[in-house]
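Here is my note on the model you sent.

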Amino acid sequence: MAVLKFRIYLEEDDSVYRDVAVKHTQTFLDLHRIILKAYEFDSKHQATFYRSNDHWQRGREITLQKYDRAYKAEPLLMDATIIGSEIRDPNQKFVYTYDFVKNWGFLVELINVSKEENNKITYPAVVRVEGIAPSQYGTKGLVNDKLAEVEEKYDLNPTALMEGFSEEDEEGNATQSEEEDTTSTEGNEEF
């Protein structure tokens, strides 16, 4: 059974992409779901694929469902269309559009065909992640969690930044500078 590896580029930034592997007998609905998973998008919106050429021109439509609009040709449905049936050449391309209001555009390119399945992988699968995915709705919780980790590690809380910098001695202990040291240390027996 053939395994198809697709590279899914973010249309606006080709340095951000995800590689996914699917069996040639799986449907475009499976490909749709793994793309959403790879980019951490929800599945609440309309979506469609277009068969494409080397110039990314949109051809035959493979849609999630038949939408209320005019079609040049009757669209194929994702859940009824096998991916392998739409592969016309070794570098087959598709344009994938998700959320017709936000109009997320992805360029989907076949980059590898393998005759061997990997028994350790459940298909479809995300096999490579490159670049930071955009946030579907403008903010991303994951980024905030990572910022919180950085804040804790480097103690970047706002009050510490407002107080100014302190100097460190050779052991890394914070000390006050001479200008800040206005208190008397006489009688302090700890030093």
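1. Arg7 forms a salt bridge with Asp19, and their closest N and O atoms are 2.7 Å apart. Arg7 belongs to strand E1 and Asp19 to strand E2, so the pair ties together parts that lie 12 residues apart in sequence. Arg7 and Asp19 are both buried. Please keep in mind that this is a predicted model.

2. How many salt bridges does the structure hold? The count is 9. Side chains of opposite charge can pair when their charged atoms come close.

3. Glu61 and Arg69 meet through their side chains in a salt bridge, at 2.4 Å from N to O. Are the two partners buried or partly exposed? Glu61 counts as buried because its relative accessibility is 11%, under the 20% cut-off. Arg69 has a relative accessibility of 36% and counts as partly exposed.

4. Arg128 forms a salt bridge with Glu130. Here the closest N and O atoms are 3.3 Å apart. Arg128 is partly exposed, at a relative accessible area of 36%. Glu130 is partly exposed too, at 31% relative accessibility.

5. Strands of a sheet pair through backbone hydrogen bonds, either parallel or antiparallel. Strand E6 (residues 93–98) and strand E7 (residues 104–114) pair in the antiparallel sense. Their pairing runs over 6 bridges. For a residue to check, take Phe94: its bridge partner in E7 is Val108.

6. Last, the surface. Where does a patch of negative charge gather? Glu11, Glu12, Asp13 and Asp14 form this patch. Glu11 lies in the loop between strand E1 (3–10) and strand E2 (13–23). The relative accessible area of Glu11 is 38%, which makes Glu11 partly exposed. Patch members need over 30% relative accessible area and no salt bridge, so Glu11 clears the area cut-off with its 38%.

Conventions: Residues are numbered from 1 along each chain as its sequence is written. This is a predicted model: local features need pLDDT of at least 70, side-chain atom pairs count only at pLDDT 80 or more; totals for chains, interfaces and linings use all residues. Side-chain values use heavy atoms; hydrogens and water are left out. Patches are made of residues with over 30% relative accessible area and no salt bridge: like charges are joined within 9 Å, nonpolar side chains (Val, Leu, Ile, Met, Phe, Trp, Tyr) within 5 Å. Accessible areas come from the Shrake-Rupley method with a 1.4 Å probe; for residues, only the protein chains shown count as cover. A salt bridge is a side-chain nitrogen of Lys or Arg within 4 Å of a carboxyl oxygen of Asp or Glu. Lys and Arg count as positive and Asp and Glu as negative; His and the chain ends are not counted. The place of a charge is taken as NZ of Lys, CZ of Arg, CG of Asp or CD of Glu. Helices (H or I, at least four residues) and strands (E, at least two) are DSSP runs, numbered from the N terminus. Buried means under 20% relative accessible area, exposed over 50%, partly exposed in between (1.4 Å probe, protein chains only). Two strands pair if DSSP finds at least two bridges between them.
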